[in-house]
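Dear colleague,

Please find below the structure that I am handing over to you. My findings follow it.

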There are 2 protein chains.
Amino acid sequence: MVKQERAARTRRSLILAAAEVFAEEGFVSASLTAISRRAGVSNGALHFHFDSKNGLACGVEEEAARRVRRLTVLAGADGPPALQLLVDSTHALMRGLADDVVVRAGFELSGDLSRVTGVDLRGEWRCWIETVLQRAAAQGALADGVSYADAASAILAATVGFQVLGARGDKDWISRRTLTGFWELMLPRLAARDALDTVVTCGSRCVVGVPEVPVEEPV
Amino acid sequence: MVKQERAARTRRSLILAAAEVFAEEGFVSASLTAISRRAGVSNGALHFHFDSKNGLACGVEEEAARRVRRLTVLAGADGPPALQLLVDSTHALMRGLADDVVVRAGFELSGDLSRVTGVDLRGEWRCWIETVLQRAAAQGALADGVSYADAASAILAATVGFQVLGARGDKDWISRRTLTGFWELMLPRLAARDALDTVVTCGSRCVVGVPEVPVEEPV
């Protein structure tokens, strides 16, 4: 294996190990020694790639952001109507939080007030919700009199709420069932009548069938 | 002043100072010296009342829980219908988060994964939502086919989401306007028609008129 490949593989292992340790112990309690041991590399190798624990946390957040972006791209692959894309993206995020420790740790780190965050993961997620809602409005899929800003705030708050409630290990909060219940309550007022009839609140086949994000793939 | 009164006053000062420092710096970064200095008491006095930083944090959480309980009691003082009580309680909580540093710090501490929490503030809030929703169901105020459990999850997630999003200082998230927007979207599906017509989504006069929780009152 050439040197460059080995370095990339070490970096990937460190990101994954750091995500696991941060998710289990929290950022403050996590030790760099535990992370390098879990990654199967030396402390020196860790410090070659990351200058500090916060540098590692920023690396986890960046990788989480990349994975969330890919989840939303996959959710839109079949070109669903915007409102379905919105519902599907939220299901894809919850599934990412449940199945992928990098996504889970990234969102946790992003909400940790004790450190300066790198990527603004919540901010990116908010932008995505707003973008898709704007598209839905342009498609005439929002009901008359619905405030676009109110809808974006409510959907961001609920998804962030599910994420933080799920962070203590109770996966019900980030389950497909719970999120479907939210959409069942929210959509009748949010969606125009025609659009409402076609939206699948439990996520369309495209999302349900999205393969789990492999945690081992290249960072 | 008799000895007992002085001790109670010192304890109150410490709780308030701790809430302020935890809210500003987070639990991990907060120092006991900063807290005792802010409270205007000696380190010795602090240790007489609280055995550790976590003991102080538990004290803040307990006082926050007491204040949230009082907010909900005040919201129900005029005996509003259950659905209005639910809406009013959420407005009262957001106002508590905006105006009262003890409530704000208590909820932050309650969500901090790096420590073992004392009172389960989020759990108590969840129980309250469930209790009032049950009452609304008994009053026939919920629409046919609404899942009571889904409604409780959605409302808990959204309010926790608003709280954590507001914790970085952007008070828009915990404003009356934002929460009203959430209820405007949620209630049309949640409420039975008769009940819907009478619910004031921006909070009834009883809540809007609730005086700010005084931070100096007896703990």
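How much area do chain B and chain A bury between them? In this predicted model, the two chains bury about 2,900 Å², and 70% of that lies on carbon and sulfur atoms. On the side of chain B, Leu113(B), Arg168(B) and Leu185(B) lose the most area to chain A, together accounting for 24% of what that side buries. Chain B and chain A each bring 36 residues to the contact.

Turning to specific interactions, there are two salt bridges between chain B and chain A. Arg177(A) forms a salt bridge with Asp150(B), with 3.6 Å between the closest N and O atoms.

The elements of chain B that give two or more residues to the side touching chain A are helices H6 (101-110), H7 (121-138), H8 (148-166) and H9 (176-190). H8(B) provides the largest share of that side, with twelve residues. By class, the side of chain B that touches chain A comprises 19 nonpolar, seven polar and ten charged residues.

I also examined one loop residue in chain A. Gln139(A) is located between helix H7 (121-138) and helix H8 (148-166) of chain A. Its relative accessible area is 46%, so Gln139(A) is classed as partly exposed. Beyond its neighbours within four places in sequence, Gln139(A) is in contact with Pro81(A) and Ala82(A). Glu124(A) lies 15 residues from Gln139(A) in sequence, and their C-alpha atoms are 23 Å apart.

With kind regards

Definitions and conventions:
Residues are numbered from 1 along each chain as its sequence is written. Chains are lettered from A and ligands numbered from 1 in the order in which they are written. This is a predicted model: local features need pLDDT of at least 70, side-chain atom pairs count only at pLDDT 80 or more; totals for chains, interfaces and linings use all residues. Side-chain values use heavy atoms; hydrogens and water are left out. Contact means heavy atoms within 4.5 Å. Buried area is the accessible area (1.4 Å probe) that two parts lose on being put together, summed over both. A salt bridge is a side-chain nitrogen of Lys or Arg within 4 Å of a carboxyl oxygen of Asp or Glu. Helices (H or I, at least four residues) and strands (E, at least two) are DSSP runs, numbered from the N terminus. Ala, Val, Leu, Ile, Met, Phe, Trp, Tyr, Cys and Pro count as nonpolar, Asp, Glu, Lys and Arg as charged, and the others, Gly among them, as polar. Buried means under 20% relative accessible area, exposed over 50%, partly exposed in between (1.4 Å probe, protein chains only).
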